Amino acid sequence: MVSKSDSGIYLCKNLRNLLSLSELWCIPNEDDTNSICIMSATSTEMYKVHFTHLVSYHFPFTSFQSFFLKGSRSEASHNMILLDNSQKLLALYKSLARSIPESLKVYGSVYHINHGNPFNMEVLVDSWPDYQMVIIRPQKQEMTDDMDSYTNVYRIFSKDPQKSQEVLKNCEIINWKQRLQIQGLQESLGEEIRAAAFSNSVKVEHSRAGLFITEDFLKLHASNKSKLGSWAEIGQPDDEFERKTPNFNYAQLDSSYSGLVNDNWKRGKNERSLRYIKRCIEVLPAACVLGPEGTPISWITMDPSCEVVMGYCMKKYRKKGNMAQLLVRHQKYLCQKNIPFYVSVLEDNKDSCRSVGLAGFFEASCEWHQWTCYPQNLVPF
């Protein structure tokens with residue numbers, strides 16, 4: 001409810017209704033220092049809020065003043081807009097397809113956000129609809145452990161990477177007080193990330209790998225047929241793999257094998273990685289080949305950005321085509337369900353390079369990059 005004041009400005013009587021507006025602009029009220037004028041981005045009406053209303057709604061004045069001084073909700077992160085409308089997210093997904101492969105980290109993340117958002121991620125853009133930069137990050141309630149770099153992950157795509165430093169160094173966008181990872185497929189982001197980290201007294205370690213995709217993936221996602229829903233609603237793989245190899249059965253990887261995956265993952269072998277792996281297996285597509293004993297002899301999982309990760313084959317079954325066959329079968333399943341997928345392989349991992357090549361993957365025009373960031377008080381020994 002609003003009522004009109006003598007000055008032609010509306011007086012807001014319901015602060016909660018005002019705060020529900022998606023974008024707000026603050027204008028100083030020179031006639032009354034005990035109130036503030038606010039305009040909605042979706043309306044031409046201006047509202048006047050007395051600071052006494054803030055107390056009645058239990059909003060601390062200092063916090064509220066800080067909020068208004070930033071100009072609007074969407075500008076609260078240095079002009080980054082929280083994109084939480086389902087139709088806008090679908091539009092972003094379709095737009096990002098035009099920038100594949102460089103946008104794949106963000107493209108795959110938006111896919112999962114549009115399909116149930118099992119990792120509780122959120123999307124920030126610098127403007128809409130004509131964005132230049134997209135950042136995917138976990139929602140605040142997910143990032144409670146300052147040491148959990150498996151969860152504290154930011155995925156970035158920029159149409160102009162050289163201009164991203166001012167955004168990145170802002171602690172409201174990236175929590176530089178935590179141990180975290182920044183992932184992207186644009187090497188030119190590195191200089192901006194290192195500069196932003198330096199300004200926040202943070203150490204950075206960079207790793208790179210080859211990025212591999214398939215022709216089928218490129219053809220499928222050029223059409224952009226993705227709809228809202230959950231991948232789990234669309235069924236499980238058929239038995240084609242079993243008909244070809246009766247002693248080695250293709251199956252969905254069960255989360256009871258999380259410990260096995262963790263013990264054999266180069267970046268794993270700790271409690272945080274175990275929790276992360278278990279969650280990936282439980283909520284994202286993961287597959288394995290069950291050997292004659294009924295236990296997994298090779299497996300692959302997927303991460304929150306649709307990257308196929310943690311691929312592993314037991315030593316006694318290597319160099320027999322098991323991993324390549326698993327990749328072929330699983331990529332067919334992902335294509336059938338229109339789920340994005342890609343893989344990254346370290347250059348010196350010859351066996352994995354061979355497997356992805358046999359499975360029909362080819363090296364993309366850009367590389368996979370990860371920047372692991374450590375605040376001074378959390379730098380590893």
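The model is predicted, so local features need pLDDT of at least 70 and side-chain atom pairs count only at pLDDT 80 or more, while totals for chains, interfaces and linings use all residues. Residues are numbered from 1 along each chain as its sequence is written, and side-chain values use heavy atoms, with hydrogens and water left out.

**Exercise 1.** Classify the aromatic pair formed by tyrosine 93 and tyrosine 111, and state whether each residue is buried or exposed.

*Solution.* 
Step 1. A pair of aromatic rings is described by the distance of the centres and the angle of the planes.
Step 2. Rings of Phe, Tyr and Trp (its six-membered ring) pair if their centres lie within 6.5 Å; planes under 30 degrees apart count as stacked, over 60 as edge-to-face and the rest as tilted.
Step 3. By this rule the model holds eleven aromatic pairs.
Step 4. For tyrosine 93 and tyrosine 111, the centres are 6.2 Å apart and the planes make an angle of 45°, so the pair is tilted.
Step 5. Helices are DSSP runs (H or I, at least four residues), as are strands (E, at least two), both numbered from the N terminus.
Step 6. Because tyrosine 93 lies in helix H4 (residues 86-96) and tyrosine 111 in helix H5 (residues 104-114), the pair ties together parts that are 18 residues apart in sequence.
Step 7. Buried means under 20% relative accessible area, exposed over 50%, and partly exposed in between (1.4 Å probe, protein chains only).
Step 8. Tyrosine 93, at 1% relative accessibility, is buried, and tyrosine 111, at 3%, is buried as well.

**Exercise 2.** Classify the aromatic pair of phenylalanine 248 and tyrosine 317, and locate both residues.

*Solution.* 
Step 1. The ring centres are 5.9 Å apart with 80° between the planes, which makes the pair edge-to-face.
Step 2. Phenylalanine 248 is in the loop between helix H9 (240-244) and strand S12 (249-252), whereas tyrosine 317 is in the loop between strand S15 (308-313) and helix H12 (322-336).
Step 3. The pair thus links distant parts of the chain, 69 residues apart.
Step 4. Phenylalanine 248 is partly exposed, at 22% relative accessible area, but tyrosine 317 is buried, at 11%.

**Exercise 3.** Which residues of H4 are buried, and what covers them?

*Solution.* 
Step 1. The buried residues of H4 are Leu89, Leu90, Leu92, Tyr93, Ser95 and Leu96.
Step 2. Their cover, judged by contact (heavy atoms within 4.5 Å), includes H5, strand S7 (121-125) and helix H8 (215-222).
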